[in-house]
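Here's a quick briefing to get you started.

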Amino acid sequence: MRLADYNHTSWTAKSGAPSNITTMAQTTDGWLWLGTTSGLYRFDGVRFSRYGGAGIDLPGGGVSTLYATAHGDLLVGYLMGGIVQLRGATVTRLASAADVPASYQLAVDTDGSIWAATVKGMLRYHGGRWTAYGPEQGFPGPVADAVTLDRYGRLWASSKDTGLYLLDREHGRFVATGMPDSGNPVVPAPDGVMWLIRDGRWQALPAPGPTATLAAGTMRAPTSASGGIVDRDGNRWTLMCPTGLCRTTPDRLRARAPFDAAALATDRLDRAWELSDLTTQTMLEDREGNIWVATRTGLERFRHNRLAPIPLPMGERWFQVVAAPDGAPLVASTGSGLRFEAGSTVFGRPRPPALFARTGDGSLLCASDGRLTRTRGGAVSTIDYPPGPDGKLLKGLAIRLTGSGDDIWLGLSGHGLFHYHAGAWTPSRDYGAPKGVTSIEADAPNAAWLGFRDGTVMRFRDGALSAVSGNAGIGPITLIDVQRGVLVAGADGLAVVVGGRIHRLDASDPELLAGITGHIVDPNGDRWFNGRKGVVHVAASAWKAALAGSGHVQATLYDGTEGYPGTALSYNGFPTATRTRDGRLWFSAQAGVVYLDPSRVHRNEVAPTLAIEPPGVEGASRDAQGRHVLPAGTSSLRLDYTALSYTNPERVRFRYRLDGVDPDWQDAGSRRSTFYSGLGPGTYRFRVSATNEDGVPALAPAQIDLVIRPTMAQTTWFRLVCAASAIGLLALAYRWRMRRLAQRLNERFQERLAERERISRSLHDSLLQNMQALLLRLHGAVKPMERSSEVRGRLDAILDQADTVMREAREEIKGLRAGGDGSRADIGHALAAFGATLQEQFGAEFKLFVGGTIRPLQDAAWREIYYIGREALFNAYQHAHARKIEVELTYGNGEFGLVVRDDGRGIDDDIQQRGGRDGHWGLPGMKERAGALGGTLEWWSRAGLGTEVIARFPAARVYAPEEKQRWRRRLRALLGRTGA
């Protein structure tokens with residue numbers, strides 16, 4: 001691969017890059033660190049950020065050297081002296097400026113000790129102290145310029161003044177190698193050979209003894225090199241060669257022989273527009289194989305492109321690639337006729353414009369200059385173009401060409417489409433074909449598929465045309481291909497023909513399958529498309545799944561970031577993708593031709609390392625558990641995250657989730673930040689996952705824990721106080737409401753009572769008096785009659801019945817006047833008086849029991865309770881045939897209870913089930929009266945065991961309000977004492 005074929009990206013101050021980068025290193029967590037004359041920076045492939053700030057105590061001034069240890073630490077040496085160690089966010093000062101002056105390079109030895117090449121010589125840090133290595137230890141140079149540990153465990157040190165030295169570990173001294181030094185560190189190669197670079201000239205260092213062992217594993221560069229590097233493919237990269245950058249490939253070298261990079265360079269970048277600056281200062285190969293070059297004004301990255309371009313002549317626009325008869329690639333200009341064949345370095349002389357096509361039997365068709373040439377199996381034959389209406393051969397540019405066996409289809413600009421069959425040409429219009437053919441593909445003798453500008457697809461077979469059913473909505477047809485099935489591509493999408501119908505396919509990005517003009521099927525079934533966005537790869541398994549399922553295609557795109565030049569060529573409708581004998585895939589684009597070798601595609605197998613930035617909230621801190629504690633009242637939050645993957649960071653895909661907020665993982669695409677609002681106090685966990693451009697996932701999600709402190713109004717105790725206050729207010733409002741209701745009920749009761757008293761007076765003064773007078777007159781009339789007469793007997797019976805009616809009427813009138821001004825008297829006395837009357841009349845023994853402290857009742861409550869007790873007593877005496885009847889009153893703090901029990905015959909089961917006798921309303925009436933006071937009424941009865949009627953009433957609804965006022969007075973007194 002040429003240096004020009006690498007994907008080359010430059011960052012300068014315009015894109016946020018720091019200037020004057022003098023040293024670089026990549027730590028094991030993936031961060032790329034940049035040391036500059038203005039401080040320490042790090043880079044994630046997208047954003048540059050200056051390292052330091054709150055909680056990170058770094059010395060000021062420029063950085064002179066960086067070294068990434070195998071354990072993940074970063075050693076930082078400063079221009080003004082001093083060395084620090086970064087381990088995560090912890091900074092440890094290993095040396096002050098007084099201990100270690102300006103250092104040029106650092107190295108960690110096999111025993112963990114640190115070597116520093118400084119302006120005052122070679123220093124070693126071991127056991128917590130620094131030791132100088134000077135002339136007594138074999139290093140005479142007053143200045144040490146470089147120190148390097150190679151893969152054999154040998155330590156090299158150099159000084160521009162005295163040369164290159166190797167540490168003799170047995171004697172603890174440096175030994176001169178006799179080789180001069182330029183001040184650059186020695187450079188390791190993958191095979192373990194160490195190279196010294198001096199003024200662009202490379203020289204191999206002496207090999208170790210036969211017992212030396214090369215360290216296992218991939219070569220890791222702990223720091224950048226100021227002279228050049230050897231990459232993992234063996235290429236030699238040289239800085240300032242004599243300016244800019246040059247590269248020498250291994251095929252130009254002879255083993256360990258010295259060479260001059262400027263003279264032997266394979267290619268170079270030494271023109272002002274090729275780099276951010278031609279003064280190149282240091283370079284590094286990262287763990288993914290990317291090459292980083294720092295200049296005075298920016299940073300350069302070189303990485304492998306998956307698509308390699310071929311050099312094309314200037315001024316040409318459209319090129320077609322086909323496999324030549326021998327299987328080699330043939331690149332031809334459709335305009336000028338220039339042709340480029342494999343093995344050539346330049347295009348051949350111009351020829352007449354030609355259109356090429358490969359047929360299913362391996363023939364190569366070429367339409368050019370009025371005739372067709374067919375090459376098959378080494379035999380070449382020609383066919384004249386079809387004749388026109390005047391019998392003369394048609395002239396015109398060939399724009400459609402396909403064939404199968406001896407059948408050929410040819411489209412000529414301005415003349416239409418023709419079919420060559422059985423040695424004769426037939427215009428397609430003779431078959432009834434409409435105009436507007438944009439693609440045609442022959443799949444058998446006398447058979448073909450035709451696509452049209454309006455999206456129609458037709459099938460030609462044995463001289464007849466028929467339309468294919470189904471409308472896929474893919475727009476004008478751009479390609480029909482019959483490799484392993486019939487595929488139809490359009491300007492707006494892709495479809496397949498299955499069972500005689502067109503079925504559309506789709507992808508996550510609809511543009512991936514749009515504008516396809518080339519299609520290749522690999523021997524393993526993988527499919528490669530040349531389309532509007534670039535080269536699209538669909539694995540065989542993904543294609544099979546799409547056809548068997550919903551038609552959704554999982555695809556991988558190789559676009560401009562992988563070296564694709566523009567968009568797929570769509571000129572003249574010829575196929576723009578082909579596979580040559582060597583297995584390479586060729587694609588024609590608007591701005592050039594590229595190829596790809598599927599067997600050598602560079603795949604990034606390095607899993608991205610994830611990092612989440614601390615939330616940028618003012619006042620945030622870290623607690624003992626490492627959680628990020630945010631200030632009270634924080635409701636909005638921005639979280640920045642990244643993935644340390646440098647080959648193609650633009651195509652890294654992220655997912656994130658904030659536990660407690662997001663119900664599932666959120667697909668963020670390539671976005672590296674997210675924003676949350678409406679957050680409340682609590683503990684959250686933010687997690688991020690990612691995959692690199694090749695779908696390799698991170699080994700594990702990154703996560704940070706967040707704590708948002710509550711404001712006073714968000715605390716639990718505050719809410720409890722508010723809830724208690726609200727409950728208290730509701731209770732006060734409820735009590736006030738109940739008091740108002742009781743007052744209104746009492747007022748209505750007084751009105752009803754006054755009306756009842758008026759009615760009772762009227763009944764007594766009128767009805768009862770008149771009836772009494774009538775009875776007296778009847779007694780007077782009956783008295784003279786003989787006692788033995790039948791009439792008198794009847795009249796006496798009537799008078800006895802009348803006396804009973806009068807007695808009941810008096811009781812009713814007495815009931816109407818019950819309560820009144822005496823309603824707050826003891827209800828027990830009232831019920832006892834009524835019970836005594838019933839005992840005298842019916843004979844059953846009556847008893848009254850009272851429990852608790854007697855309290856006055858509200859007027860309305862007294863009235864309803866009295867009637868309930870009166871009705872229950874009357875029912876017991878009248879129907880129970882009992883020997884004993886009892887009333888029990890209970891004055892409780894929470895409720896008032898009334899029980900009427902007898903030892904009589906009980907209530908029949910059917911009456912209990914119906915809730916009373918038909919036409920009688922005693923039991924229902926008692927329940928209604930109890931419900932009106934918010935109480936309950938139940939009864940228990942068994943045949944032969946008696947009956948109990950039990951009524952319970954809430955104290956707040958029946959007791960007189962004077963008790964409530966006393967309770968409120970006590971409460972106010974208590975609150976007053978507490979406040980004091």
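A residue counts as buried under 20% relative accessible area, exposed over 50%, and partly exposed in between, using a 1.4 Å probe and protein chains only. Keep in mind that this is a predicted model, where local features need pLDDT of at least 70, side-chain atom pairs count only at pLDDT 80 or more, and totals for chains, interfaces and linings use all residues. Residues are numbered from 1 along each chain as its sequence is written, and side-chain values use heavy atoms, leaving out hydrogens and water.

**Cysteines**
- Searching the whole structure turns up one disulfide, meaning a pair of cysteine sulfur atoms within 2.5 Å.
- The partners are Cys241 and Cys246, whose sulfur atoms sit 2.2 Å apart.
- The link between Cys241 and Cys246 is right-handed, with 85 degrees about the S-S bond.
- Both Cys241 and Cys246 are buried.
- Cys366 has a relative accessible area of 12%, so it is buried.
- Cys722 comes out at 36% relative accessibility, so it counts as partly exposed.

**Around Gly935**
- You'll find Gly935 in the loop between α8 (922-932) and β69 (936-942); helices (H or I, at least four residues) and strands (E, at least two) are DSSP runs, numbered from the N terminus.
- Gly935 has a relative accessible area of 15%, so it is buried.
- Leaving aside residues up to four places away in sequence, Gly935 touches Ala930, Arg952, Phe953 and Pro954, where contact means heavy atoms within 4.5 Å.
- Gln913 is 22 residues from Gly935 along the chain, and their C-alpha atoms are separated by 21 Å.
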